Amino acid sequence: MTGISTDKRDTLLAMITEEQRTLGFVSKSSMFSMAQWLGIPVAEVYGVVTFHTFFSVKPQGKHVVRSCKSVPCHLKRSEMVASWIGDYLGVNAGETTPDGRFSFELTNCIGACDQSPAMLVDDVLYGDLNQERVAKILKSFD
Amino acid sequence: MSEKRILTENCGLIDPKDINTYLAKQGLQAWRKARKTMTPQQVIEEIKRAGLRGRGGAGFPCGLKWELAGRAEGEKKYLICNADEGEVGTFKDRFLIQNDPFSLLEGMAISAFAIGAEKAFIYLRAEYRYLLEGLRNALRQAEDSGLLEELDIEIREGAGAYICGEESALMNSIEGKRGEARFRPPFPPVNGLFGFPTIINNVETLANVPLIIRNGADWYSRMGTKESKGTKLFCVSGDVSRPGIYELEMGSSLKDLVIGLAGGEDVMMVQVGGSTGRVLPFSMIDIPLAYESVLGSGAVIVFDHSRDMVDFLYRTIEFLNEESCGLCTPCREGIECLIEVLDRLVNGEGVQGDLEILEVSCAPMASASLCGLGQSAPTPVRDSLQYFREAFAGRISQSVLLRSLKSIPSSGKPASYNQD
């Protein structure tokens, strides 16, 4: 319905994922080159990038901490988890530490409601969090 | 009432890293039976007779879907396994992929055989990236065992978007577009991925297929209720002492699950089916879990009496507001309207008429939204207002009180008097 479809258009999501994973964000220049290669408007690429929460157009930290804020984790005091993470890293949700080591985000349900409150650090799931455990986990990435 | 473990029978017993342990538990027998003794049409008939319905939440009859795709004209056909389990409170697909990926792959092979697909996708959500390696390993072993000799399965990763679990948005996402819902018709079994006939089934649905083919439709359809056959995985979370996955026969009571098995105490309310699911007060705890009453994705979130309904509904609608794809107006603007009112209520700024605004906003969303997100977003709103109206009305009178206090300065004279 939108844009020009080409036979390689379906490689776009994987290309963006690759870019995000290697560089920590999706740069303007990479969006231009993807658009050029696929023969689609840059706005189409930008549209896909900004649609997804795992992509960022600004440089992110080396590690991304995603603390779950959905209802099951909220019932297990996920706000406290977010404040522990924020205190440890010294940044608020949505920010990156000045040394560029961590980005901290709040995320919607990560499917770990049986071990709530839970968080993801990069691709690794950590559940049944308490203050001590959060500090220990984050320390292991230092 | 105890659990009935047929789908999760292998979980914990087999090694998900080693297909030989799966083969020792009757693994691949269903696939061989289908390929050697049945025609694709017979496989579809068997699934239809078994009464298997979609386990992702919508509950569409699986056999009928397959039949439509099987009959559809198309140069090629696609099968998609929906592993974009984003529904709040749902984690059963994660459990299946972690513990028994082979049943899923066998189910996919049988499904592809039935509809005539040579290419299949597993769409795995980005939040489950830690499952990717195990799934790839299972895929490699399945290939080596000959399970996938006529089927190419490709894993595609999502990138964090709840709406991509909706089938038409999922197809757009695979095609490299924004995960926005599509207008229907045409429906996917006729015109789906890249314009070809496509079947999209949930992980749990596909994992049920080998059981049905191996043991027969009669065996399967003896379990459950009239409209809901077999078993269902339930994901219990919230205020219970034993959260986790429970497999129950369809038609089991919510009470047995929440109180008997999961150990819920002092229960005030249970939300069944995820963020857009029904909100049931404790007085309805005896309700049977089935498509004809209440089911959804199998998410069961338990709230005790210490919880606040306004806070709960605000968070639920906030989630849907963030995750709505924004394509169709009823959903985009409707949810925006709901959140505006709920935001007032949680901040003690409610005004008379707010509850009526919530109710009025629901109807166009339910009837005119493009996909299930907008259509069912009003469900928790309507239920909450029906069963817990006093909590919301109370918030409005509290808001009025707060405002009246604010308007009186410490001198005791009204603020307006001082300004004059």
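A polar contact is a pair of N or O atoms within 3.5 Å; within protein, one atom must be able to donate a hydrogen and the other to accept it, and residues adjacent in sequence count only if both atoms are side-chain atoms. Keep that rule in mind for the tour.

This is a predicted model: local features need pLDDT of at least 70, side-chain atom pairs count only at pLDDT 80 or more, and totals for chains, interfaces and linings use all residues. Residues are numbered from 1 along each chain as its sequence is written, chains are lettered from A and ligands numbered from 1 in the order in which they are written, and side-chain values use heavy atoms, with hydrogens and water left out.

**Stop 1: B:E3**

Select B:E3. This residue sits in the segment before helix 1 (19-23) of chain B. Helices (H or I, at least four residues) and strands (E, at least two) are DSSP runs, numbered from the N terminus. Now show B:E247. Its backbone nitrogen lies 2.7 Å from a polar atom of the B:E3 side chain. Contact means heavy atoms within 4.5 Å. Beyond its neighbours within four places in sequence, B:E3 is in contact with B:I245, B:Y246, B:E247, B:L248 and B:L261.

Is B:E3 buried, partly exposed or exposed? B:E3 is partly exposed, because its relative accessible area is 29%. The cut-offs are these: buried is under 20% relative accessible area, exposed is over 50%, and partly exposed is in between (1.4 Å probe, protein chains only). The C-alpha atoms of B:E3 and B:A50 are separated by 20 Å, and the two residues are 47 apart along the chain.

**Stop 2: B:E175**

Move to the loop between helix 8 (167-174) and strand 4 (198-202) of chain B, and select B:E175 there. B:E175 counts as buried because its relative accessibility is 7%. Its side chain makes a polar contact of 3.0 Å with the side chain of B:K177. Show the residues around B:E175. Not counting residues up to four places away in sequence, B:E175 touches residues including A:R9 and A:D10 from chain A, and B:R182 and B:F194 from chain B.

**Stop 3: where the chains meet**

Show both chains. Here, 51 residues of chain B are in contact with 33 residues of chain A. The size of an interface is often given as the accessible area lost when the parts come together. Chain B and chain A bury about 3,400 Å² between them, with 57% of it on carbon and sulfur atoms. Buried area is the accessible area (1.4 Å probe) that two parts lose on being put together, summed over both.

How many salt bridges does the rule find across the interface of chain B and chain A? There are five. A salt bridge is a side-chain nitrogen of Lys or Arg within 4 Å of a carboxyl oxygen of Asp or Glu. Zoom in on B:R315 and A:E79. They form a salt bridge, and their closest N and O atoms are 3.0 Å apart.

**Stop 4: chain A**

Chain A has six helices and five strands. From the N terminus on, they run α-α-α-β-α-α-β-β-β-β-α. Of its 142 residues, 54% count as buried.
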